[in-house]
Structures are given as C-alpha cells and as structure tokens.
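Please consult the sequence and coordinates shown below.

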Amino acid sequence: MDFGDQRLTGAEHDRLVSGTAEAAERDAEAALRPKGLHDFIGQPQVREQLSLVLDAAKARSRTPDHVLLSGPPGLGKTTLAMIIAHEMQASLRVTSGPAVQHAGDLAAILSSLEEGEVLFIDEIHRMARAAEEMLYVAMEDFRVDVIVGKGPGATAIPLDLPPFTLVGATTRSGLLPAPLRDRFGFTGHLDFYSSADLLTVLTRSARMLGIDAENRGLQEISTRSRGTPRIANRLLRRVRDWAQVRGTGIIDEAAALSALTVYEVDALGLDRLDRSVLDVLCRRFGGGPVGLGTLSVSVGEEADTVETVSEPYLVREGLISRTPRGRVATSAAWKHLGLHVPANYEF
Ligand SMILES: Nc1ncnc2c1ncn2[C@@H]1O[C@H](COP(=O)(O)OP(=O)(O)OP(=O)(O)O)[C@@H](O)[C@H]1O
Ligand SMILES: [Mg+2]
C-alpha cells in the first residue's frame, strides 16, 4: 500500500517535494539547501531558539520536543525539518497532510517509526480530522491504537511508540486546531527575509553554482525577491540565463535589471499574480473591499494561492489591507500601478 511516506537518509533528504516548487525546480533547490543550522541564513530568532531546543536534547540524550514551523511558502520550512534530522543525526520520514486521508494511513506510519526518528508532516493543516486525533495521542503519550478487523468485531490494540520528534510545517497556522498546536513544544514562525539576508543567500548560491556575479547585480535581485529565498534562487537562475544568452556572461547590475524586466518582476518584486490582484482590486472594484473568493475568481487563481502566496507579501508591503468586509487596496497600491488615487479615498 502506498501511504505517501518515504524513509529518507543522508543525501536523499533533498528529494522532498514542496508546495509551490515545480518538479523541475526540486533538483536545483536540493543542491542549494543548507545542510546544517550554521549555514541556514537569516531568521536569527528561530535559528537561536531551535539550536537551544536541539542542543538541550543532545545534552540530555533525548529526542527533541515536537516542532511546528509556520510561514509563507519558500521561506525554509522543509529545509529546517531536514536540518533538524541532520543535526540530531536521525533519519527523516516525510509525509504530508494531503497524503494522510485516513487514520489508518497515519497509524501505518507511526507504528513503523524507529527510535529517535524525525517525522516530517508537510502541510499539516490539511490532514484528515480522524488522523489528527490519533496524532494528539501519539505526540503526547507516544501511543497509537491500531484497529484490527472491521465492523462490530473490530478491536483497538494499543501500541507503544518509540520516542520520536514530529516536525509539522504549515503555511496556515491559523487553520490548525488549538489542541494540535498546543502539543508542539516549540513553534518557529518564519518571516520574510531582509534584502541583506537574501543577498547573503544569493552570494552563497552564486558561489555554489559557479556563477560569475557582481555584488550590485545580486543586490538588484535581492530587493526583488519578495523576501523569499526560493524566489531569490529562482531569479538568480533566470538572470544567469539572460547574462549567458544576451549579456556578457556576468551578472552585473545592467544584466539583472534587463533580465528582471524581461521576466516581468517589478521594482517591488511583484510578479504577474500580485499585480493582477492589485489591478482587479483597483480597476474593477474601485479599491474594494472585496471578498477573497470574488478576488480569486477574478484573477483566475485558487483562493488558497491568493491567500498564502500573494496576500502576505502585499500586506507586508502595505499595498493591501484585510478588513472584516474584505480586501482593500491602499493608496500605495494605486500609485504602484501608476493610477490616480480616487478623491476622498479612505484606505
Ligand atoms: N535560510 C535559508 N538560507 C539559505 N537558503 C534557504 C534558506 N531558506 C530557504 N532556502 C532556499 O530556499 C529553498 C526553498 O526552501 P524550502 O523548500 O525549505 O521552503 P518551504 O518553507 O518548505 O516552502 P513550501 O511552503 O513551499 O514547502 C530551499 O531549497 C533553499 O535552497
Ligand atoms: Mg516545504
């Protein structure tokens, strides 16, 4: 039976699929993924807190507390899950919420865990309810009830589990039921990276990929990467293409600017989806408020994508705000689109 989980060790850690990374991007990402906590760039609080959790566990020869990682796509949740396993010299088991549709799926994974293993559940907010309750018991009491037989004759056989560490990742921590959230000993909230941190990410990536790049060129990419390492690395590869085909082979400021214009990444790092969200809000709905459903249909995207991928950054950049009546465009959004802010505009 395929439970959608895999046991990974060593280099195979890197074969993990992540939400918004396309399949073809996986290999490129794997090569650049930091292996240990020391080469994980930025996020100083999360890094410091996590290193305390891990060092304390090592000092006591215990498995670390369960860890929840939350934040928008591409900020390093999967990377950190792998780092936790790497730092604990433990093997990593990987599954995801959508792969756990029945309690039985989870029971099969849990009952095959070995001592000290790290179980990574990506998109943990999308797990089936019935499995969630089984997970509460497994996390707290290290026990799982395995159901044997069917119908009225079915019996639950309690099975003790070896100590393990659950690492959950979610882009939507608000959707996690409180009892589940409370069972994590540590929650790391990943926030968008500063341009300075992204510049460090890019410098490291360019070095690892053998790309000839000037600081000014990488700086230009860093400010247009929406605070997201995945996007920074992706833009780096696209700018390299441009430099090789149209430029001198070197990523300098001019190459970065020309390439990013070709790829329609604007000065704030907004891409086509972000701009169409703003465009629909301003031009079609006079700035809003507009409900998420209507907005998503209008830009031809799933509500979940608009809410987790586009919105957090637009909110952070002060281009839209969320009100009880829906999303509204701020004056800055009108200006960014090159439109006149309507008279007496209240947002
Ligand atoms: N702190 C960091 N330092 C250097 N590179 C990073 C860092 N965080 C992320 N990256 C790079 O960005 C890529 C994407 O990170 P990752 O897959 O961990 O994101 P994620 O939060 O799991 O995203 P998703 O929500 O889509 O699953 C990684 O392959 C890695 O190369
Ligand atoms: Mg991921």
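Is Arg322 buried, partly exposed or exposed? Arg322 is partly exposed, because 15 other C-beta atoms lie within 10 Å; a residue is buried with 20 or more other C-beta atoms within 10 Å of its own, exposed with 12 or fewer, and partly exposed in between, the C-beta atoms being placed from the backbone.

This is a predicted model, in which local features need pLDDT of at least 70 and side-chain atom pairs count only at pLDDT 80 or more, while totals for chains, interfaces and linings use all residues. Residues are numbered from 1 along each chain as its sequence is written, and chains are lettered from A and ligands numbered from 1 in the order in which they are written.

An unreviewed UniProt entry lists Arg322 and Arg327 under "binding site"; such annotations may be inferred rather than shown by experiment. Arg322 touches Val315 and Arg327, leaving aside residues up to four places away in sequence; contact requires C-beta atoms, placed from the backbone, within 7 Å.

The table gives the secondary-structure element of each residue, where helices (H or I, at least four residues) and strands (E, at least two) are DSSP runs numbered from the N terminus.

| Residue | Element |
|---|---|
| Arg322 | strand β9 (residues 320-323) |
| Arg327 | strand β10 (residues 326-329) |
| Tyr313 | helix α13 (residues 303-316) |

Arg327 is buried because it has 25 C-beta neighbours inside 10 Å. Beyond four places in sequence, the contacts of Arg327 include Leu281, Pro289 and Ile320.

Tyr313 is also buried, with 21 other C-beta atoms within 10 Å. The C-alpha atoms of Tyr313 and Leu270 are separated by 8.8 Å, although the two lie 43 residues apart along the chain.

Key: Contact = placed C-beta atoms within 7 Å.
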